[in-house]
Amino acid sequence: MKIKKEINLFAGMFTAEEIYRYGDIILLLGHIIYLVLFYRFGVHQMVYYNYFSVAFYAVMYFLLHFKKIGKMSFTYLVLGEIIVHACMGAYYIGWSAGFTQIMLCIIPIPFFIAQNRKAIPYILSSFDVVVFIVMRIIVTNRVAPYSFDTSRENILYIYNTLCSFIIIIYVSSIYIFTNEHNKREAKAQNEKLQKLATIDPLTQLFNRRAMMDYIKKIESNSRRTNSVYSMCLGDIDDFKHVNDTYGHEVGDKVLRAVSDVIAGNVPSEGYVCRWGGEEILFVVPNTDTESCEKIAKSICQKIHECTFKENSRSFNISMTFGVYSVTPNENYDEGISKVDKLLYKGKNQGKNCVVSK
């Protein structure tokens with residue numbers, strides 16, 4: 001658990017762009033140190049090349065900062081620079097200074113950046129290994145132009161080893177970031193799909209499918225605790241007239257407003273859904289008919305008090321509700337059938353009312 005928390009913290013601290021910019025800064029500082037070492041040791045060819053390397057990474061930083069270069073292009077250029085630098089170091093100073101070990105440390109990097117081009121990482125890695133072998137053959141069969149005493153050679157070897165270590169840490173960090181980023185994206189996508197599967201997009205209430213799942217759970221709990229639960233089904237009166245008179249866009253506004261009123265007045269333990277069309281159903285556990293009827297009457301009054309305006313015209317709406325309490329001995333589908341009949345009984349009695357049994 002502790003390790004996972006630390007990984008999540010790391011992934012949340014940096015963006016992908018920052019990871020690349022920090023990598024560029026590390027390389028820039030690393031080549032400045034190389035420049036100083038080669039200058040002190042008198043390796044003129046490597047001094048000139050590191051002037052180029054320092055300028056190269058400075059330019060790369062600004063290109064990354066202003067998003068003038070893609071992350072893949074940046075990485076390919078960096079890998080090329082590292083390979084050339086390692087080869088030149090081995091050629092002029094010798095194999096034992098440890099320059100070429102850096103080439104082995106960069107092998108995994110292409111696999112993190114070429115996810116849509118599966119052949120490229122294998123090509124680049126194979127090229128890196130081939131160059132490594134060729135340099136081994138060339139360097140060990142000749143005398144290097146520059147030879148140093150043991151202390152200077154150890155300084156270069158230790159610094160190259162340190163650079164190799166930093167590269168491995170950086171590559172591991174990219175892996176952690178990539179893995180955690182992919183997990184977060186997958187989680188967000190799953191949550192989005194789950195929301196699409198359970199939430200009505202217009203009213204932001206539960207949809208019918210989700211409500212059925214909740215009703216089954218409420219029914220199971222009702223039988224276990226031997227308690228009743230209440231259903232209330234409401235239907236906006238003359239909703240077709242609203243759509244025909246003011247347009248479907250206004251009808252959608254009315255439906256959203258009604259949904260907000262109902263959702264805001266149903267107890268927190270209850271569930272509200274768009275049952276279909278202009279019908280809205282809410283279910284409240286451990287609630288009898290009388291209590292649910294009070295909730296419905298309050299909602300009915302508040303909805304009737306809402307005033308809607310379209311251009312210079314204003315209008316009010318009403319809603320009819322049916323309320324039914326389901327006992328532990330009844331199935332939920334019986335409750336749905338009865339509350340539906342009570343709703344239409346209210347429609348036949350003149351609408352804008354609450355009918356219960």
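Buried, on this tour, means under 20% relative accessible area. Keep that cut-off handy, and keep in mind that the model on your screen is predicted.

**Stop one: E330**

Select E330. With a relative accessible area of 9%, E330 falls under the 20% cut-off and therefore counts as buried. You'll find E330 in the loop between β6 (319–326) and α13 (332–348). Now show what surrounds it: leaving out residues up to four places away in sequence, E330 touches E219, R223, Y324, S325 and K338.

A polar contact of 2.9 Å joins the side chains of E330 and K338. The pair also makes a salt bridge, with the closest N and O atoms 2.9 Å apart. Side chains of opposite charge can pair when their charged atoms come close.

**Stop two: K347 and its two aspartates**

The salt bridge count for the model comes to nine. K347 and D235 form a salt bridge whose closest N and O atoms are 2.7 Å apart.

With the three residues displayed together, you're looking at a salt bridge network of D235, D237 and K347.

**Stop three: L342**

Still in helix α13, click on L342. L342 counts as buried at 9% relative accessibility. Show its contacts, not counting residues up to four places away in sequence, and you get G322, V323, Y324, V355, S356 and K357.

For a sense of scale, draw a distance from L342 to V78. Their C-alpha atoms are 74 Å apart in space, and the two residues are 264 residues apart in sequence.

**Stop four: D24**

Jump to helix α2 and select D24. How accessible is D24? Its relative accessible area is 0%, so D24 is buried. Set aside the neighbours within four places in sequence, and D24 is in contact with Y57, M60, Y61, L64 and F74. Then draw a line to T75: the C-alpha atoms of D24 and T75 are separated by 9.8 Å, with the two residues 51 apart along the chain.

**Stop five: the largest pocket**

Which element gives the most to the lining of the largest pocket? It's α2, with 10 residues. The pocket has a volume of about 500 Å³. The elements that give two or more residues to the lining are α2 (16–41), α4 (71–93), α6 (110–113) and α8 (150–198). Colour the lining by class and you'll have 22 nonpolar, five polar and one charged residues.

Most residues other than glycine have a negative phi, and most peptide bonds are trans. Now go to N311, in the loop between β4 (307–310) and β5 (313–316). N311 isn't a glycine, yet its phi is positive, about 60°. N311 is exposed, with a relative accessible area of 72%.

Finish at K351, in the loop between α13 and β7 (354–356). Phi of K351 is near 70°, again a positive value in a residue other than glycine. K351 is partly exposed, with a relative accessible area of 30%.

Definitions and conventions:
Residues are numbered from 1 along each chain as its sequence is written. This is a predicted model: local features need pLDDT of at least 70, side-chain atom pairs count only at pLDDT 80 or more; totals for chains, interfaces and linings use all residues. Side-chain values use heavy atoms; hydrogens and water are left out. Helices (H or I, at least four residues) and strands (E, at least two) are DSSP runs, numbered from the N terminus. Buried means under 20% relative accessible area, exposed over 50%, partly exposed in between (1.4 Å probe, protein chains only). A polar contact is a pair of N or O atoms within 3.5 Å; within protein, one must be able to donate a hydrogen and the other to accept it, and residues adjacent in sequence count only if both atoms are side-chain atoms. Contact means heavy atoms within 4.5 Å. A salt bridge is a side-chain nitrogen of Lys or Arg within 4 Å of a carboxyl oxygen of Asp or Glu. On a 1 Å grid over the protein atoms alone, a cavity is a set of points where a 1.4 Å probe fits but cannot get out, and a pocket is an open set with protein on both sides within 12 Å along at least five of seven lines; lining residues have an atom within 4 Å of a point. Grid points are joined across faces, edges and corners, and a volume is the space filled by probe spheres set on the points. Ala, Val, Leu, Ile, Met, Phe, Trp, Tyr, Cys and Pro count as nonpolar, Asp, Glu, Lys and Arg as charged, and the others, Gly among them, as polar.
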